[in-house]
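Hi,

I am passing a structure on to you, together with some notes on its pockets. Please have a look at it first, then read on.

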Amino acid sequence: MALAFDGVTQRFGEVTALNSVSLSVEPGEIVALLGQSGCGKTTLLRLAAGVERPSAGRVLLEGKDVSSPESFVEPERRGVGLVFQDYALFPHLTVLENVRFGLQGRVPGTAAEATALRAIARVGLADLAQSYPHMLSGGEQQRVALARAVAPRPGVLLMDEPFSNLDRRLRDVVRDETAALLQETGATSIIVTHDPEDAMRIADRIVLMRAGEIVQIGTGETLYRQPASLFAARFFCDFTEVAGRVVRGAVDTPFGRFPARGLAEGSEAVACIRPHAVRIVPKGFCLPGRVVTRRFLGEVDHLLIAVDGFDRLLSVRASLAGVLGEGEDVGLDIPTDEVLVFPAGDT
């Protein structure tokens, strides 16, 4: 199904959780709602599901208003599947029974078990169909919740922080499996997350939200490389931020001059240097610096480097194979096209 929000506002007393949000999700598209806690992500999801009714605006499924008082469609009639953050499995039911529960009223009784078993096999849990939730790992429980949601073949699948309860290694595996399953089922999907890596790895488009409003919409690459604001940029990378002033179209910093396109002459600005964009070169070349700390992180080393004229340390991630030690002098090459410049206070 195509899903759209048209000028949706949601208030809870004096608190405005959503402020005139408009968003269209194409059939079969996977969209991630990304943002900090309390920004309105889950509220938007609940409006799509029909669990809440908007204070203003419309929710549209296949172009039809399903949220207005005169045309409201109950959640069970919307063709929407839900995966909750805590999975919401029934502890007294087996895996098969949990998945069958999601088919009640949608699939005839004689076909429900076969449909449930196919969904369970699809998520790789065929051998655990008669197990109970307490016998499963966190990742297996998440897969059961996903199987229950996709078994009725919903037109729209809504997932609220589906990977937040998983450890890092399991999270990567389950996330990739979920992405493959969503592509296979073709359901229009919205995933709520606060983790930019989750969003980039699973979604066709990312909707970055803040304080009940949409900040930026685009692919993961667009939001990473062309963030609309300093707030958006910070969400995808831990920069070294350097204050400066715009002079003749560029901002002067202890690390050099960087283009400040569109910023007013003489205005204050912030240059953002990505940790992985800094190239370490032999001392005597480019900008001089001194390694203060070095930590081995596996694929890369994380270094903090002192630079004259900068009262903090420059964060650098580079693959150095242990050739540098603390206290060593180095050169720093910082390509200007890897540095983002924003107006000061653009947060």
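Which element gives the most to the lining of the second largest pocket? The answer is S20, with four residues. Before the details, a word on the source: this is a predicted model, in which local features need pLDDT of at least 70 and side-chain atom pairs count only at pLDDT 80 or more, while totals for chains, interfaces and linings use all residues. Residues are numbered from 1 along each chain as its sequence is written, and side-chain values use heavy atoms, with hydrogens and water left out.

The second largest pocket has a volume of about 340 Å³ (the space filled by probe spheres set on grid points, which are joined across faces, edges and corners). A pocket here is an open set of points, on a 1 Å grid over the protein atoms alone, where a 1.4 Å probe fits, with protein on both sides within 12 Å along at least five of seven lines; lining residues have an atom within 4 Å of a point. This pocket is lined by 16 residues, and Arg261, Asp337, Val339, Leu340 and Val341 are the closest to its centre. Helix H7 (220–225) and strand S20 (339–343) each give two or more residues to that lining (helices, H or I, have at least four residues and strands, E, at least two; both are DSSP runs numbered from the N terminus).

The largest pocket has a volume of about 450 Å³. Its lining counts 19 residues, with Val80, Leu82, Phe101, Gly102 and Arg106 closest to the centre. Strand S6 (80–83) and helix H4 (138–150) supply at least two residues each, and the largest share, three residues, comes from S6.

Best wishes
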